[in-house]
Amino acid sequence: MSHPVDDDCIFCKIVAGKIPCFKLLEDEHTIAFMDINPVNPGHALAVTKGHWPTADVIPTEALAATAATAQRVAKAIVRELKPDGFNLVQNNGPGAGQSVPHLHIHVLPRHKGDGATLNWTYKPGNKDEIAALCERLKKAL
Ligand code: AMP
């Protein structure tokens, strides 16, 4: 399966190593890294390597690979961070709150009463805290 690229896409730039990320893992078809605007500590993204914007246009195989990566990250989050639960969230199109048109699945640790909503407001996280959580989760993969 070949991976289409959009040179203007921020996630394509991360996949190509042109801009840095707090990387958790990478395999043939996917990459996972920490969200830099975490809703909760440990918020991570499972991202397809190819530039397909939404779930209706991505090849099934690529979507399945991204789901598998999201599950792997979720297992690490559950093992290492022991949240009360987690959401897998995948937005499609601006009307659904998608801000980066390159398919990704949010792996979002949840805590009872944390007040997180489906379309949250972006707030930059503390980079040191994100890096430390990245290291912890990498070891838990
Ligand atoms: P969505 O709104 O569903 O498209 O989610 C896009 C997510 O990508 C948001 O949660 C952003 O915080 C996150 N994001 C944007 N740029 C970066 C980046 N350079 N590194 C990590 N996460 C990013």
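Which backbone oxygen lies 2.6 Å from a polar atom of the side chain of His102? That of Thr48 does. The views below show this contact and its surroundings in a predicted model.

**View 1. His102 sits in a loop and is buried.** The loop runs between strand E4 (85–89) and E5. Relative accessibility of His102 is 0%, under the 20% limit, so the residue counts as buried. Its side chain has a polar atom 2.6 Å from the backbone oxygen of Thr48. The side chain of His102 also reaches the backbone oxygen of Gly50, at 3.2 Å.

**View 2. Five strands form an open sheet.** The strand order is E1-E2-E3-E5-E4, and the pairing is antiparallel. Strand E1 (23–26) and E4 stand at the edges. Each has a single partner strand, so one side of each lacks a neighbour in the sheet. On average, neighbouring strands are turned by 15° against each other, direction ignored.

**View 3. Strand E3 (residues 44–48) pairs with E5 and with E2.** The E3 and E5 pairing is antiparallel and spans 4 bridges. Val47 has His104 of E5 as its bridge partner. Ala46 stands opposite Ile105 in E5. E2 and E3 pair over 5 bridges, again in the antiparallel sense. Here Phe33 stands opposite Leu45 of E3.

**View 4. Both faces of E3 are covered.** In a regular strand, side chains alternate between the two faces of the sheet. On one side of E3 are Ala44, Ala46 and Thr48. On the other are Leu45 and Val47. How many of the 5 residues of E3 are buried? The count is 5 of the 5, so E3 is largely enclosed by the rest of the structure. Thr48, whose backbone oxygen lies 2.6 Å from a polar atom of the His102 side chain, is one of these buried residues.

**View 5. Helices H2 and H3 lie across strands of the sheet.** H2 lies across E1, strand E2 (30–34), E3, E4 and E5. It runs at about 20° to E5. H3 lies across E1 and E2. Its angle to E1 is about 40°.

**View 6. H2 and H3 meet and cross.** Two packed helices are described by the angle between their axes and the distance between the axes. For helix H2 (residues 60–81) and helix H3 (residues 127–140), the axes come within 8 Å and cross at roughly 105°. Angles of 65 to 115 degrees count as roughly perpendicular, so H2 and H3 are roughly perpendicular to each other. H2 contributes Ala76, Ile77, Arg79, Glu80 and Leu81 to the contact. H3 contributes Leu133, Arg136, Leu137 and Ala140. The contact residues comprise 6 nonpolar, no polar and 3 charged.

**View 7. Leu118 is in the loop between strand E5 (104–110) and H3.** Is Leu118 buried or exposed? Its relative accessibility is 59%, over the 50% limit, so Leu118 counts as exposed. Leu118 and Pro4 are 114 residues apart in sequence. Their C-alpha atoms are 29 Å apart in space.

Technical notes
Residues are numbered from 1 along each chain as its sequence is written. This is a predicted model: local features need pLDDT of at least 70, side-chain atom pairs count only at pLDDT 80 or more; totals for chains, interfaces and linings use all residues. Side-chain values use heavy atoms; hydrogens and water are left out. Axes are lines fitted to C-alpha atoms, for helices over the stretch in contact, and angles run from 0 to 180 degrees between N-to-C directions. Helices (H or I, at least four residues) and strands (E, at least two) are DSSP runs, numbered from the N terminus. Angles under 35 degrees count as roughly parallel, over 145 as roughly antiparallel, 65 to 115 as roughly perpendicular and the rest as oblique. Contact means heavy atoms within 4.5 Å. Ala, Val, Leu, Ile, Met, Phe, Trp, Tyr, Cys and Pro count as nonpolar, Asp, Glu, Lys and Arg as charged, and the others, Gly among them, as polar. Buried means under 20% relative accessible area, exposed over 50%, partly exposed in between (1.4 Å probe, protein chains only). A polar contact is a pair of N or O atoms within 3.5 Å; within protein, one must be able to donate a hydrogen and the other to accept it, and residues adjacent in sequence count only if both atoms are side-chain atoms. Two strands pair if DSSP finds at least two bridges between them.
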